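Keep the structure open beside you as you read.

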Amino acid sequence: HHYLAVARDIGRHANGADAKTWLTRADQELSNLRAAHDWTLTVGRADQAASLAAALDWYWWIRAASSEGIDRLTRSLALGPTPAIAAQARIGLATMLHQAGRRVDAEAEADAARRDAEEAGDRRALARALGTLGRLANDRGDLAGGDERLRTAEQPYEELGNGLGLAWIRLIRHAT
């Protein structure tokens, strides 16, 4: 429970104003975070394993450690976490797969995240999944499909008052 909380703190702050401090903390705690994740996998705690791995997706992305992220997220998802937790893990996995150049796999995971988010009724995860699908569509040259997904993702971010998410979507929409 302690390292799940540490991972969540890192995940919340790894891309903010204090990113350097939190990334340094993640570097220092990495062996403990790995051990905690390995334990959750060994004892079959699907939601904890997927939550811990999903919380570190920004860390792996920033550190260009997509191989470790792909491995840990894939093994966590294989345990069958609940849809709400699976949606978060799949979004992280899609990001890692995209970083590794595996775009077809990334789209499949982002679409699975969309379905999981819809099943769980998680509007924030749905917006992230749609945003990821839109970005991936744009990257493969499907600008109309990408724009449609990105526009659909704007509404939940607006309703949730999530300015950072909304800015991310608008940046992607207007960068293409």
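## Asp-105 and its partner

Asp-105 sits partly exposed in this predicted model, with 35% of relative accessible area. Its salt-bridge partner is Arg-102, and the closest N and O atoms of the pair are 3.1 Å apart. Arg-102 is partly exposed too, because its relative accessibility comes to 38%.

## Asp-111 and two arginines

Now move along to Asp-111. Its side chain meets that of Arg-114 in a salt bridge, at 2.8 Å from N to O. Asp-111 also forms a salt bridge with Arg-115, where the closest N and O atoms are 2.8 Å apart.

The spacing along the chain is worth a look. Arg-114 and Asp-111 are 3 residues apart in helix H7 (residues 103–120), so about one helical turn separates them. For Asp-111 and Arg-115 the gap is 4 residues in helix H7, which again means about one helical turn.

How do these side chains stand towards the outside, buried or exposed? Arg-114 counts as buried because its relative accessibility is 18%, and the cut-off for buried is under 20%. Asp-111, at 21%, counts as partly exposed, and so does Arg-115, at 43%.

Across the whole structure, a search turns up 23 salt bridges. Some of them share partners: Arg-34, Asp-38, Glu-68, Asp-71, Arg-72 and Arg-75 are joined into one network that way.

## A cavity

Rolling a probe the size of a water molecule over the atoms shows where empty space is left. How many cavities of 30 Å³ or more does a search of the whole structure find? The count is 1, and the largest cavity holds about 30 Å³ of space.

The residues lining this cavity are Leu-30, Leu-33, Arg-34, His-37, Leu-52, Leu-56, Trp-60, Glu-68 and Arg-72. Helix H2 (19–42) and helix H5 (66–78) are the elements that each give two or more residues to this lining. H2 gives the most, with 4 residues. Sorted by class, the cavity lining has 5 nonpolar, 1 polar and 3 charged residues.

## The largest pocket

On to the open space. The largest pocket has a volume of about 1000 Å³. It is lined by 29 residues, and those closest to its centre are Asn-15, Asp-57, Trp-58, Arg-124 and Arg-128. The elements giving two or more residues to the lining are helix H1 (2–13), helix H3 (46–55), H4, helix H6 (83–99), helix H8 (123–139) and helix H10 (163–175).

Which helix gives the most to this lining? That's H6, with 7 residues. By class, the pocket lining splits into 11 nonpolar, 11 polar and 7 charged residues.

## Trp-58 and a nonpolar patch

Together with Trp-61 and Ile-62, Trp-58 makes a nonpolar surface patch of about 270 Å².

Key: Residues numbered from 1 in each chain as written. Predicted model: local features only at pLDDT ≥ 70, side-chain atom pairs only at ≥ 80, totals over all residues. Heavy atoms only, no water. Patch = residues over 30% accessible without salt bridge, like charges linked within 9 Å, V, L, I, M, F, W, Y side chains within 5 Å. Areas by Shrake-Rupley, 256 points an atom, 1.4 Å probe, with all protein chains shown as cover. Salt bridge = Lys/Arg side-chain N within 4 Å of Asp/Glu carboxyl O. 1 Å grid on protein atoms, 1.4 Å probe; cavity = no way out; pocket = protein on both sides within 12 Å on 5 of 7 lines; lining within 4 Å. Points joined across faces, edges and corners; volume = space filled by probe spheres on them. Nonpolar A, V, L, I, M, F, W, Y, C, P; charged D, E, K, R; others polar. Buried < 20%, exposed > 50% of the residue type's maximum accessible area, 1.4 Å probe, protein only.
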